[in-house]
Amino acid sequence: MNAKPDQAALPGLEPGQAAGQFEQIDGGAAPRIPGVKYGPTGRPLREFPAPEPLRQHGPARIIAMCNQKGGVGKTTTTINLGASLAADGRRVLAVDFDPQGALTAGLAIHAHEGPTVYDLLVGTERDIRATIKPSAVPGLDVIPANIDLSAAEVQLVGEVARESILARVLRAVTDEYDVVLIDCQPSLGLLTVNALTAAHGVLIPLECEYFALRGVALLIETIEKVQERLNPALGLDGILATMYDPRTLHAREVMERVVETFGDDVLETVIHRTVKFPDASVAGVPVSVYAPEHPASHAYQQVARELIFRHAVA
Ligand code: ADP
Ligand code: MG
């Protein structure tokens, strides 16, 4: 569906290496080479390098952060991935598409001052630029949401082409950004279908907990339906494992199942569980501002660079 990372570039893993050279470690499924360090997904650990600066900006690739399960890291990923891409010189627009407004709050944007994404959807605001707010992070802009958005789903039911309203709304500014990240609400209703119809790719955050995979089949089915009927260009950009705790056996088991199920669609970069994320959200900043030296900050920088490496982002 989308470009796969260059496996030949994995350190220590030459294409066509004789199977006899591999050694099974921990009874793991993947062959392992002695002396090579492996990451939580079973692939050799590597650092994704800083990308080349962009000489020009846009048109944006639109990525929907999607999982109908709540609390899996959609909003945290939107905020911190957005900030990391901006730090690498990408122009980023983050769209809050959840009536809870956690993205808006997490970047300390005031959604009661001025129009929100709801106004764009129902047509009470026709100028998308009037809704865009700069965040405290240079290069990261936000279209805020608030509880008004919860009425949109019902209000839009009778609209013509109700599934492609967000796509149409975003078109006016996509040339000015390199990436648009849509933070979906935890449901597969009309708002999420709008996000999937507007998007080029989907990023699915999965919490490394029991039942992480429950409901994912339905999510994939929904993505496929949208692809068939509304948006043939839609692809899966990746599965991001979040809240990973390497000390617990069950997190490692869940990780194994996720890799078994999705293979190379699982990003090599894994987000560990740490209180720095909720703490940063309460402070209204990305973790790269709240705790720049913490591994959590480095982790989302690596997600950003891995997505650039995979050509999911320019
Ligand atoms: P979603 O948007 O999918 O509902 P959130 O990103 O809001 O999920 O995350 C749910 C809660 O978990 C929030 O309080 C958030 O701060 C916290 N959280 C997110 N990622 C992590 C993590 N890697 N480690 C610890 N807590 C996290
Ligand atoms: Mg959320």
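Glu207 pairs with Lys69 in a salt bridge whose closest N and O atoms are 3.8 Å apart. Because Glu207 belongs to strand E6 (residues 201-207) and Lys69 to the loop between E1 and H1, the pair ties together parts that are 138 residues apart in sequence. This is a predicted model, so please read every value here as computed from it. Glu207 counts as buried because its relative accessibility is 14%, while Lys69, with a relative accessible area of 27%, is partly exposed.

Which other residue does Glu207 form a salt bridge with? That partner is Arg273, and here the closest N and O atoms are 3.4 Å apart. This pair, too, links distant parts of the chain: Glu207 sits in strand E6 and Arg273 in the loop between H8 and H9, 66 residues apart. Arg273 has 42% relative accessibility and so counts as partly exposed. Through shared partners, salt bridges join Lys69, Glu207, Glu209 and Arg273 into one network.

The structure holds 12 salt bridges. One of them is between Arg46 and Glu268, with the closest N and O atoms 2.6 Å apart. Arg46 and Glu268 are both buried.

Side chains of opposite charge can pair when their charged atoms come close. Asp178 is buried but has no salt bridge. How far away is the nearest side chain of opposite charge? That side chain belongs to Arg91, and the distance is 5.6 Å.

Arg91 does meet Asp178 in another way: the backbone nitrogen of Arg91 is 2.8 Å from a polar atom of the Asp178 side chain. To find Asp178, go to the loop between helix H5 (165-170) and strand E5 (179-184).

## The surroundings of ligand 1

Ligand 1 is surrounded by 14 residues, and the closest are Gly71, Lys74, Thr75, Thr76 and His272. By class, this shell has five nonpolar, seven polar and two charged residues. The side chain of Thr76 places an N or O atom 2.6 Å from an oxygen atom of ligand 1. The backbone takes part as well: a polar backbone atom of His272 is 3.0 Å from a nitrogen atom of the ligand, and a backbone N or O atom of Pro278 is 3.3 Å from a ligand oxygen.

How much of ligand 1 does the protein bury? Taken alone the ligand exposes 550 Å², and the protein buries 77% of that. Helix H1 (74-87) and helix H9 (276-283) are the elements that give two or more residues to the shell. H1 gives the most, with three residues.

Helix H6 (residues 190-198) is mostly covered, since nine of its nine residues are buried. Among them are Leu190, Thr192, Asn194 and Ala198.

Gly106, in helix H2, is another residue away from the surface: its relative accessibility is 3%, so it counts as buried. The C-alpha atom of Gly106 is 7.7 Å from that of Pro286, although the two residues are 180 residues apart along the chain.

## Backbone details worth a look

Gly58 and Pro59 are joined by a cis peptide bond, with omega about -5 degrees. Pro59 is in the segment before strand E1 (61-65).

Which residues other than glycine have a positive phi? Ala108 is one of them, with phi near 55 degrees. Ala108 is in the loop between helix H2 (102-106) and helix H3 (117-122), and its 47% relative accessibility makes it partly exposed. His311 is another, with phi near 65 degrees. You will find His311 in the segment after helix H11 (295-309), where it counts as exposed because its relative accessibility is 60%.

Definitions and conventions. Residues are numbered from 1 along each chain as its sequence is written. Chains are lettered from A and ligands numbered from 1 in the order in which they are written. This is a predicted model: local features need pLDDT of at least 70, side-chain atom pairs count only at pLDDT 80 or more; totals for chains, interfaces and linings use all residues. Side-chain values use heavy atoms; hydrogens and water are left out. A residue is near a molecule or strand if one of its heavy atoms lies within 4 Å of it. A polar contact is a pair of N or O atoms within 3.5 Å; within protein, one must be able to donate a hydrogen and the other to accept it, and residues adjacent in sequence count only if both atoms are side-chain atoms. Accessible areas come from the Shrake-Rupley method with a 1.4 Å probe; for residues, only the protein chains shown count as cover. Helices (H or I, at least four residues) and strands (E, at least two) are DSSP runs, numbered from the N terminus. Ala, Val, Leu, Ile, Met, Phe, Trp, Tyr, Cys and Pro count as nonpolar, Asp, Glu, Lys and Arg as charged, and the others, Gly among them, as polar. Buried means under 20% relative accessible area, exposed over 50%, partly exposed in between (1.4 Å probe, protein chains only). Lys and Arg count as positive and Asp and Glu as negative; His and the chain ends are not counted. A salt bridge is a side-chain nitrogen of Lys or Arg within 4 Å of a carboxyl oxygen of Asp or Glu.
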